[in-house]
Each structure stands twice: as C-alpha cells, then as structure tokens.
Amino acid sequence: MVSIKLDNVSLVYKLHDKLTLSAPDRRVGGPGGRIEGSGRKQFVQALDGVSFELRAGDRLGLVGPNGAGKTTLLKVLYGIYEPSGGSVAIEGKVDALFNINIGFRREATGRRNIVLRGLISGWTETEIEEKMEDIIAFSELGDFIDLPFKAYSQGMAARLAFSAATALDPEILLMDEWIGAGDASFQEKAKRRMDELAEKAGIIVLASHSEALIQSVCTKKLTLKSGRIESLTTEPVKRAGKVAKL
Amino acid sequence: MIAALNGAFDDISKAMKLHRVWVALAHEDIGDQHRRTTLGPLWLLVNYVAFVGTFVFVFQPAGKGAAGYAAYVAIGLLVWFYLMEVMSMSVALFQREESFIEGTTLPLFVYVMRLALQSIIRAGYAIVGCVVILIFSGSPVGMPWLWSLAGLFLILFATPPLITVFAFLGAFFPDSQFIVGNLLRVGMFFTPVFWMNKGQDPVQKYAYEWNPFTYFLEIVRLPITNGEFPAHAFTVTIMASLVTWAIALLLLGRYRKQVVFLI
Ligand SMILES: Nc1ncnc2c1ncn2[C@@H]1O[C@H](COP(=O)(O)OP(=O)(O)OP(=O)(O)O)[C@@H](O)[C@H]1O
Ligand SMILES: [Mg+2]
C-alpha cells in the first residue's frame with residue numbers, strides 16, 4: 001500500500017561544519033528559517049516537529065513563504081536528506097522533479113538524456129526503450145528530441161523533465177515549482193496526467209507559490225512557516241475532467 | 001563500526017546494481033571533454049608520448065644506461081599520471097557532483113566509480129603509447145610482462161578506495177583541494193618517476209623507500225625493466241591498498257549521509 005508517514009521530523013542545516021582555514025563569515029537574518037548559534041556553530045532549523053500522514057490517492061500541496069522549508073521537506077521525503085530528528089516511513093516507488101536541469105547533460109541530445117534519466121531512476125534498458133516513444137510524444141518536442149539539450153528553452157526542458165519523471169507511473173511523485181515554465185496547453189496536459197496518477201492510487205506532493213495550481217491539483221494543503229506546520233487542511237476535491245483555469 | 005561497514009557495503013552494492021549509470025556517465029564525460037576537437041581522445045595519447053619524449057630527450061643518461069631509460073620513464077609516467085589524475089580529480093569530486101547529490105538519491109559510490117572508469121579509459125590511451133614505446137625501445141617481451149599486468153590490476157583495485165578517501169577529504173576539508181594539488185606537483189620529484197635510485201644520494205634513498213607511490217610504480221615497472229618479480233613492492237602495495245579500502249569503507253559507512261550537507 002502506498003503511504004507516507006512523518007513523525008516529528010526535524011532538519012537542521014549546519015553552516016560551519018567544514019574544517020576551514022578561513023574565518024567564518026557572518027550571515028544576517030531575513031526571510032526563511034531560523035538562524036541560530038554563532039561563529040563556527042551556526043545552523044538553520046529548516047524543519048521543526050513536522051508530522052503528517054498521507055494515503056493512496058492523496059494530493060498534497062505545500063505552501064508557505066520563501067524559506068519556509070518546502071524544498072527541504074520534499075528532499076527529506078525523497079531520501080536525499082536524512083532527518084536530524086524524528087522518523088520518515090515511506091511505502092512506494094518515489095520519483096521527483098526538483099530542478100528541471102538535474103540529471104540532464106547539456107551536450108547530449110534529448111533522446112540520450114531520457115536514457116540517462118531512466119538509468120539514474122533505476123529503470124531497465126527495456127523499460128526505457130518501451131517508454132521512449134511515449135515520453136517523446138507526451139513532451140511534444142518533435143524533431144528537437146535529437147538536438148542537444150542546451151538548445152532547449154526552459155519550457156522545453158520542463159516538458160522533457162515532466163514527461164520522463166511521470167512516464168513509468170511512479171507511485172509517489174514529488175514536485176517542486178516546476179510547472180511555471182510550461183505553457184498553458186502543457187500545464188493542462190500535465191494536470192491530467194497527475195490526475196490519472198492520483199487515481200491509480202498514487203500520492204502527489206507539490207510545492208508551489210501558485211494558489212491556483214494548488215487548488216486545481218491538490219486535495220490537501222499543508223502550510224509551512226519557518227519550518228513548522230501552520231495548518232493542514234483538506235481542500236474541496238475538484239474532479240478530473242473539469243480542468244481549472246490557471 | 002559494524003553498522004558503518006554495513007552501510008558502506010549497502011552503498012557499494014547499490015552502486016554496482018546501477019553500473020549502467022556510471023558506465024554511461026563516464027562515457028559522456030570522455031565525449032564531452034573532447035567534443036569538437038579533431039583528434040578527440042587521441043590527444044591523451046599525443047600528450048603522453050610528447051611527455052615521455054621530452055623526458056627521454058632531457059634526462060636520458062649517456063652510455064649503457066641509455067637503453068632502458070625510455071622504458072623506465074614510459075612506465076613511470078604512465079602510472080604516475082594515472083595516480084595523479086585520480087587523486088587531483090577526487091578531492092573536488094563531491095563538489096563537482098553537487099547537483100546530482102542534491103537532486104537524486106544515487107549512492108555515493110556511483111560517483112566514485114564514474115571517476116574511476118573515466119580515469120581508466122583515459123589511461124587506456126596512454127597504455128597504447130606505452131606499449132609501443134616499450135616494443136620500440138627493445139624491452140624483451142616475455143613472461144614478466146604478466147607480472148606487470150598483475151601490477152596494473154592491483155592499481156585498479158586500489159583506485160576506488162583512493163578516490164573515496166580523497167573525495168571525503170575534500171568534502172570535509174575544502175582547503176585540501178589546493179594542498180593536494182600542490183603536493184602532487186611537488187610529489188613527482190620525490191617519486192622515482194624519471195630519476196633512478198642509485199642508493200648514493202640519501203635524500204633520493206629516503207624518497208624512494210618511504211614513498212608509498214614508489215611501490216605502485218615499481219610493481220608495473222620492475223617486471224619489464226629488470227625481468228623479475230618484485231615481491232617486496234607487491235607486498236607493500238597490497239598492504240597499502242587494503243589499508244586504503246578499510247579507511248574508505250569506514251568513511252563511506254559513517255559519513256555518506258553527511259556529504260549532502262557539506263557541499
Ligand atoms: N543547503 C542549505 N544550507 C543551509 N541552509 C539551507 C540550505 N538549503 C536551505 N536552507 C535554509 O533552510 C530553510 C528552508 O529552505 P527551503 O529551500 O526548504 O525553503 P522553501 O520553502 O523551498 O523556499 P522557496 O519558496 O524560496 O523555494 C531556509 O531558511 C534556507 O535558508
Ligand atoms: Mg523551494
């Protein structure tokens with residue numbers, strides 16, 4: 001059964017853990033998490049006591065001001081960061097879309113990049129071959145697929161990244177602010193695919209500053225503030241098919 | 001300690017299952033480094049031959065020592081350049097892979113193997129040049145060459161842990177990138193790459209006997225230049241490799257989850 005369970009998760013970024021010969025720099029406050037300590041032992045409390053549970057079919061929207069901890073939370077869910085405290089239990093195959101450029105090589109063609117991305121996500125060669133045409137078709141890149149990645153626009157890169165990440169039906173899909181670059185028609189297409197995915201009893205976690213996007217995609221909304229959960233609400237469900245205007 | 005070792009073996013076995021990833025990435029790296037050049041990776045061969053040629057031209061002793069010198073330098077430079085490249089590329093390994101480390105959950109050993117394979121491919125071009133030089137300089141081809149080959153395999157065996165240790169060093173202690181770079185540049189003069197130890201000069205003698213890299217060079221070189229099995233050099237190299245593996249496993253096991261916070 002696909003599920004996510006976080007119990008009292010906290011995450012601390014230590015700023016001067018490295019041994020260095022230079023004097024530690026002084027950082028000043030601003031938006032974001034809480035900066036604590038001083039000199040060599042500064043740290044940022046990016047997540048603090050975060051607990052929630054998601055089940056199959058849930059679509060969670062993560063909102064909050066800059067530096068609230070959204071990206072950090074997604075990276076904890078993906079397993080890039082080990083939490084400093086608390087526990088994370090995840091059932092299901094996870095795929096993630098953070099920065100659209102991650103894992104793409106500028107010099108390689110789109111096609112080659114799909115292969116590389118697939119290998120990195122642990123797909124077999126047959127799986128990659130089977131999905132190749134689907135991915136190309138969904139991205140609508142046409143002949144551009146055989147040009148080097150550096151010749152792509154931001155939106156084209158986003159199309160390729162999204163098509164590849166969702167091609168193999170991940171059970172859990174984590175997304176961070178990716179959709180902005182795609183044009184309106186692709187955003188609708190992407191939204192339909194996310195609906196399909198959630199209907200196949202998957203889980204989607206999406207961090208975004210776009211209230212409209214969150215409302216049209218998500219069924220739950222988690223508001224973070226300085227690393228703490230401010231509220232966790234269940235949104236009125238908008239059924240697939242009735243595509244909301246973005 | 002046991003937990004650390006388990007963690008390390010877990011990381012390594014996951015990386016081995018993902019071997020297609022590092023094989024593909026290493027090939028991409030080689031391709032990218034030489035994209036849009038006419039000779040492509042053949043430049044590696046040209047560079048190597050030019051270096052050996054220069055050293056032979058400048059340092060070749062007169063008289064009867066002359067015959068073996070080309071072989072001596074050819075093998076010395078082959079192994080030294082390989083080790084030097086591995087070490088100097090490793091100290092910044094995790095920093096270079098930052099976007100992958102912060103964006104994917106690939107085991108760290110994938111990056112280690114990616115660099116190892118890339119260095120091995122690059123050294124492969126030099127090996128071709130080296131063999132040609134050996135044959136032209138009249139080194140007798142025979143059984144001892146197999147010992148040399150065994151020596152090369154031993155160096156391959158030591159490569160992944162060497163990369164791991166230097167990569168962690170660079171991650172925890174960023175200044176080491178510059179320190180290691182400088183030491184390696186000086187190190188060539190304290191390693192019998194192009195000078196021969198006659199046992200007369202005390203500095204030379206110390207540099208020969210107390211430098212672990214001497215033995216990495218000699219396991220490949222002595223079988224060909226002297227036609228003998230260098231038992232002592234093999235013993236030292238095997239011990240050094242095992243110690244490096246032990247340190248690498250502990251570092252990997254204990255600190256692999258910390259790396260993402262350090263880069
Ligand atoms: N690598 C890092 N080292 C130190 N502090 C970090 C690091 N990454 C993030 N932080 C801090 O952690 C806090 C949470 O950052 P995070 O990136 O999770 O915010 P976010 O909610 O995604 O913000 P945004 O809306 O701007 O994307 C911030 O205070 C940030 O300064
Ligand atoms: Mg963010």
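Are helix 2 of chain A and helix 3 of chain A parallel, perpendicular or oblique to each other? They are oblique to each other, because their axes cross at roughly 135 degrees. Under 35 degrees counts as roughly parallel, over 145 as roughly antiparallel, 65 to 115 as roughly perpendicular, and the rest as oblique.

I noted the ground rules next. This is a predicted model, where local features need pLDDT of at least 70 and side-chain atom pairs count only at pLDDT 80 or more, while totals for chains, interfaces and linings use all residues. Residues are numbered from 1 along each chain as written, chains are lettered from A and ligands numbered from 1 in written order, and side-chain values use heavy atoms, without hydrogens and water.

**Entry: helices 2 and 3 of chain A.** I found that their axes come within 10 Å. (Axes are lines fitted to C-alpha atoms, for helices over the stretch in contact, and angles run from 0 to 180 degrees between N-to-C directions. Helices are DSSP runs of H or I, at least four residues, and strands are runs of E, at least two, numbered from the N terminus.) Helix 2 passes helix 3 in a right-handed crossing, meaning that the near helix is turned clockwise from the far one by less than a right angle, with anticlockwise for left-handed. I looked up the contact (heavy atoms within 4.5 Å). Residues of helix 2 including Ile114(A) and Leu119(A) meet residues of helix 3, among them Ile128(A) and Met132(A). The contact divides into 7 nonpolar, 1 polar and 3 charged residues. (Ala, Val, Leu, Ile, Met, Phe, Trp, Tyr, Cys and Pro count as nonpolar, Asp, Glu, Lys and Arg as charged, the others, Gly among them, as polar.)

**Entry: helices 3 and 4 of chain A.** I read a crossing of roughly 140 degrees, with the axes within 9 Å. That makes helix 3 oblique to helix 4. The crossing is right-handed.

**Entry: helices 3 and 7 of chain B.** I moved to the other chain. Helix 3 (residues 42-59) and helix 7 (residues 108-136) pack at about 45 degrees, with axes 8 Å apart. That makes this pair oblique. The crossing is right-handed. Its contact residues are 11 nonpolar, 1 polar and 1 charged.

**Entry: the largest pocket.** I looked up its volume, about 890 Å³. (On a 1 Å grid over the protein atoms alone, a pocket is an open set of points where a 1.4 Å probe fits, with protein on both sides within 12 Å along at least five of seven lines; lining residues have an atom within 4 Å of a point. Points are joined across faces, edges and corners, and the volume is the space filled by probe spheres set on them.) Of its 35 lining residues, Tyr78(A) and Thr104(B) are among the closest to its centre. Strand 6 of chain A gives the largest share, 4 residues. The lining has 18 nonpolar, 8 polar and 9 charged residues.
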